[in-house]
Amino acid sequence: MESSKRQQALLAAERLKATGRLASEIAHELNTPLGGILMYSHLLIEDLSEDDPRRENIVKINKLAHRCKIIVQGLLDFAHQEIPQSGPIQINRILRNVIGFLEDHVLLRNISIETHLDPALPRVAGDENKLEQVFINLIINAVQSMNGTGTLRLCTEFAVDTSRVRIECSDTGCGIDDENLGRIFEPFFTTKEKEKGTGLGLSICHGIVERHGGTIAVESSKGHGSTFTVFLPMAEKDISDCGFRNAECGFETPNGKSK
Ligand SMILES: Nc1ncnc2c1ncn2[C@@H]1O[C@H](COP(=O)(O)OP(=O)(O)OP(=O)(O)O)[C@@H](O)[C@H]1O
Ligand SMILES: [Mg+2]
């Protein structure tokens, strides 16, 4: 990477870190009073009869507070410094699960899904729910970018040289403007209409992947689609196991049994 590009990448990483710290502080401060608004508005709704004219406004307050709570939770997820729970995770299985439960969604009706999942992919150390959230966010973004038709491609591969698992999520959607490309991982950056996007999806992905010791990057060309690439370190256990890599569950031992 040339030096000015490296400088820019460092600056962007610093900015993201500072934003993360700020986001986390704000989210913590807001979380408690927001819980109070939710609880008291809920109690008021219960106290009012169905035909009370004040009910409608209080229901609105409660709904809006719910939306705020989702945003605050998103910020906490983005900024949370906790080390993720660590178990050996099979990324191919996570991807199949995610596709399984998104497949019937109306948005995916005319989207063709191609998968190239390395059957000999080693496991990664991580938190299954959090990693699932990463791929749900990436897939939903990809699908939204295609506006109804196109191809979603999911590939996994073992990068032997770095002992990392590589996961690629590509779409044939609208692509991302050069000027936006450097900002998409910032919290609250969105090009979607209000109510459609909070702009937290990718910042959460970035936070989760980083806390797993991995990286996430994007390549995009306006009008031709985007590719998000995630690298995650393989599980220690799989590194220390001897034998030949085989099957999704990790390694095959010399006697041929999968672990
Ligand atoms: N696959 C993609 N194709 C085109 N643009 C994308 C893609 N993924 C992300 N983007 C751009 O990055 C922005 C930020 O994405 P992010 O997931 O953080 O937020 P969002 O999708 O706008 O809202 P949210 O995820 O909170 O519902 C999007 O608004 C969009 O402009
Ligand atoms: Mg999103």
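The expected span of a helix is 1.5 Å times one less than its number of residues. Helices (H or I, at least four residues) and strands (E, at least two) are DSSP runs, numbered from the N terminus. The views below come from a predicted model, in which local features need pLDDT of at least 70 and side-chain atom pairs count only at pLDDT 80 or more, while totals for chains, interfaces and linings use all residues. Residues are numbered from 1 along each chain as its sequence is written, and chains are lettered from A and ligands numbered from 1 in the order in which they are written.

**View 1. Helix H2 and leucine 75****.** Helix H2 covers residues 55-79; at 1.5 Å a residue its 25 residues should span 36 Å, and its end C-alpha atoms are 36 Å apart, which agrees. A residue is called buried if 20 or more other C-beta atoms lie within 10 Å of its own, exposed if 12 or fewer do, and partly exposed in between, with C-beta atoms placed from the backbone. The buried residues of H2 are Gly74, Leu75, Phe78 and Ala79. Leucine 75 has 28 C-beta neighbours inside 10 Å and so counts as buried. Leucine 75 and leucine 22 are 53 residues apart in sequence, yet their C-alpha atoms are 9.8 Å apart in space.

**View 2. Helix H6 and its crossing with H2****.** Nine of the eleven residues of H6 are buried, so H6 is largely enclosed by the rest of the structure. The buried residues of H6 are Gly201, Leu202, Ser203, Ile204, Cys205, His206, Gly207, Ile208 and Val209. Two packed helices are described by the angle between their axes and the distance between the axes. Axes here are lines fitted to C-alpha atoms, for helices over the stretch in contact, and angles run from 0 to 180 degrees between N-to-C directions. The axes of H2 and H6 come within 7 Å and cross at roughly 30 degrees. H2 and H6 are therefore roughly parallel to each other; angles under 35 degrees count as roughly parallel, over 145 as roughly antiparallel, 65 to 115 as roughly perpendicular and the rest as oblique. The crossing of H2 and H6 is left-handed. A crossing is left-handed if the near helix is turned anticlockwise from the far one by less than a right angle, and right-handed if clockwise. Glycine 213 follows H6 and has a positive phi, near 75 degrees.

**View 3. Helices H3 and H4****.** The axes of H3 (residues 91-102) and H4 come within 10 Å and cross at roughly 55 degrees. That angle makes H3 oblique to H4. The crossing of H3 past H4 is right-handed. Helix H4 also holds glutamine 133, which is partly exposed, with 18 other C-beta atoms within 10 Å. Glutamine 133 and isoleucine 204 are 71 residues apart in sequence, and 8.6 Å separates them in space, C-alpha to C-alpha.

**View 4. The shell around ligand 1****.** The shell consists of 22 residues, and the closest are Ser145, Thr190, Gly197, Gly201 and Leu202. The elements that give it two or more residues are H4 (128-146) and H6 (201-211). A residue belongs to the shell if its C-beta atom, placed from the backbone, lies within 6 Å of the ligand. H4 provides the largest share, four residues. By class, the shell has seven nonpolar, 13 polar and two charged residues; Ala, Val, Leu, Ile, Met, Phe, Trp, Tyr, Cys and Pro count as nonpolar, Asp, Glu, Lys and Arg as charged, and the others, Gly among them, as polar.

**View 5. Asparagine 147** **and serine 163****.** Asparagine 147 sits in the loop between H4 and strand E4 (150-159). Its phi is positive, about 50 degrees, although asparagine 147 is not a glycine. Asparagine 147 is exposed, with 11 other C-beta atoms within 10 Å. Serine 163 lies in the loop between E4 and strand E5 (164-171). Phi of serine 163 is positive as well, near 55 degrees, in a residue other than glycine. With 12 C-beta neighbours inside 10 Å, serine 163 counts as exposed.

**View 6. Arginine 183** **and glutamate 114****.** Arginine 183 lies in the loop between helix H5 (178-181) and H6. With 17 C-beta neighbours inside 10 Å, arginine 183 counts as partly exposed. Arginine 183 and alanine 12 are 171 residues apart in sequence and 8.4 Å apart in space, C-alpha to C-alpha. Glutamate 114 belongs to strand E2 (residues 111-117) and is exposed, with 10 other C-beta atoms within 10 Å. Between glutamate 114 and cysteine 155 the C-alpha distance is 8.3 Å, at 41 residues apart in sequence.
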